[in-house]
Amino acid sequence: MPMSSIRFEKSYEVFIVVPDNDVQAVTVMSRGVREHKEEECNTTTRLLSPVRESVSKYIKCGLSHTQIKTSLVQDHPNTPLTETKLRSLVNYERRKNRPEIFSVFDLRNWCKEHNEGKQIHSTFVPFYTVDDINNTFVLFTTKQLFQQIRLTTYLQVDVTYKITWNELPMRVFGSTDANRHFKPFGIALLSHDENAKCYNQLFTSINALVVEEFKHACSVDHLMADGALSITCAEQTVFPYSRRMMCWFHMIQKCRPRRNLVTKEQWVNIDADLHAIQLSISDDVFNRGIILLIQKCANPLMKNFSDYFVDQWITKLPYWYEGAAYGKLSTNNGCESMNAVIKQKYTLRNKLQLSAFLPKMEQMLQGWSEASISSPFALVTSISLEAELHAYKWS
């Protein structure tokens, strides 16, 4: 059958294939046909170029789909926007610069490419294990961020969920400086956090990286986290000489649901006593306060609460008072606040596929790394002249 192929330029050529395979080329200089083709190009179904440029700019700023749509209505009020086309464009722009992560092999290769940390602010993956979705461990940091771990012996760890589409929990680890500003040292992506193995892997990797980078073992005297037993088991294995701190906020939040074990009047007194004991400035003061509290709870009607309190917050996790780490924090709020910032600023409270999570994570680590230079880890508390004046007047 005869076939034709048309190539449009300033002039276009018509190629006609005849039965005897003899190809003839006919050049036609027809202004009318060129104008017809130009009209077809101008009636494209894509969104207009100004809109596409704006969407690309909004994506780089990290706006959500709703925020992009609202901004377009303000910036291009006379341009009709189709929801289907807009969503397709947003998805395309977001995928454009993502790494191709479709399998375990792809993620393993990505980790291998970032295994060296060529620049101080670039993403550094010193340790990783990627076998399958149920056995994944990836430690992310930068050379600059991890340098800060030498400045403290107080390590904070917390986990956050709903970060990735694969439901992989993410752990942030870092410490709080003398000005009570939390400084992250890195993050880790793991398969789960239901047993001590994952935390043991995290702490072992941190310790090994300190040895590799600084030629000495990691000095951790205090480890702050929530009450997960798996953290305690891993801490006793990797950092056996450290003190397992318990976040005061989590402790009191766990006690309050048990107030139904006592009367309302009894709980009011217990709650006040707990807050007073939490202010203990030393181990000796704390122990004396606990003895008095147990004596007050000797009433048989308070036995259930007393047994729970002694088992959980004296035997297993007793270090929730101020003097347990003198001059350090008694809560893990700084680390947990960082998790909230990650969801609000970077993931926009969406569960991201790994191809979208990895660029966001690189952006996040680079921002933290650069901020650690402009706002370094404070070893001494900054005291303003105004505070000194108030202290002088008070004294």
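**Figure 1. Lys-69 and Glu-83 form a salt bridge, with 3.1 Å between the closest N and O atoms.** The structure shown is a predicted model. The pair links distant parts of the chain, since Lys-69 belongs to helix α3 (residues 65–75) and Glu-83 to helix α4 (residues 83–96), 14 residues apart. Lys-69 has a relative accessible area of 38% and is therefore partly exposed. Glu-83 is partly exposed as well, at 31%. Side chains of opposite charge can pair when their charged atoms come close. A salt bridge is counted here when a side-chain nitrogen of Lys or Arg lies within 4 Å of a carboxyl oxygen of Asp or Glu. By this rule the count comes to eight salt bridges.

**Figure 2. A salt bridge joins the side chains of Glu-167 and Lys-351, at 2.4 Å from N to O.** Glu-167 sits in the loop between β6 (154–160) and β7 (170–176), and Lys-351 in the loop between α13 (333–346) and α14, so the pair ties together parts that are 184 residues apart in sequence. Glu-167 is partly exposed, with a relative accessible area of 44%. For Lys-351 the value is 40%, which also makes this residue partly exposed.

Figure 3. Arg-288 has a relative accessibility of 55% and counts as exposed. Asp-284, at 45%, is partly exposed.

**Figure 4. Seven strands make up an open sheet with mixed pairing.** The order of the strands is β4-β5-β8-β7-β6-β9-β10. At the edges stand β4 (128–132) and β10 (243–246); each has a single partner strand, so one side of each is left without a neighbour in the sheet. On average, neighbouring strands of the sheet are turned by 25° against each other, direction ignored.

**Figure 5. Strand β4 runs antiparallel to β5 (residues 135–140).** Four bridges join the two strands. Tyr-128 stands opposite Val-138, a residue of β5. As an edge strand, β4 has a single partner in the sheet.

**Figure 6. Helix α8 (residues 229–238) lies across strands β9 (222–225) and β10.** The helix runs at about 160° to β10. Strand β10 is the edge strand at the other end of the sheet order from β4.

**Figure 7. Leu-151, Leu-379 and Val-380 make a nonpolar surface patch of about 310 Å².** Val-380 is found in the loop between α14 (354–374) and α15 (385–394). With a relative accessibility of 64%, Val-380 counts as exposed.

Figure 8. Of its 395 residues, 41% are buried. Among contacts with a separation of 6 or more, 59% are between residues 24 or more positions apart. The protein exposes about 22800 Å², and carbon and sulfur atoms supply 53% of this area.

Methods:
Residues are numbered from 1 along each chain as its sequence is written. This is a predicted model: local features need pLDDT of at least 70, side-chain atom pairs count only at pLDDT 80 or more; totals for chains, interfaces and linings use all residues. Side-chain values use heavy atoms; hydrogens and water are left out. Patches are made of residues with over 30% relative accessible area and no salt bridge: like charges are joined within 9 Å, nonpolar side chains (Val, Leu, Ile, Met, Phe, Trp, Tyr) within 5 Å. Accessible areas come from the Shrake-Rupley method with a 1.4 Å probe; for residues, only the protein chains shown count as cover. Buried means under 20% relative accessible area, exposed over 50%, partly exposed in between (1.4 Å probe, protein chains only). Two strands pair if DSSP finds at least two bridges between them. Axes are lines fitted to C-alpha atoms, for helices over the stretch in contact, and angles run from 0 to 180 degrees between N-to-C directions. Contact means heavy atoms within 4.5 Å.
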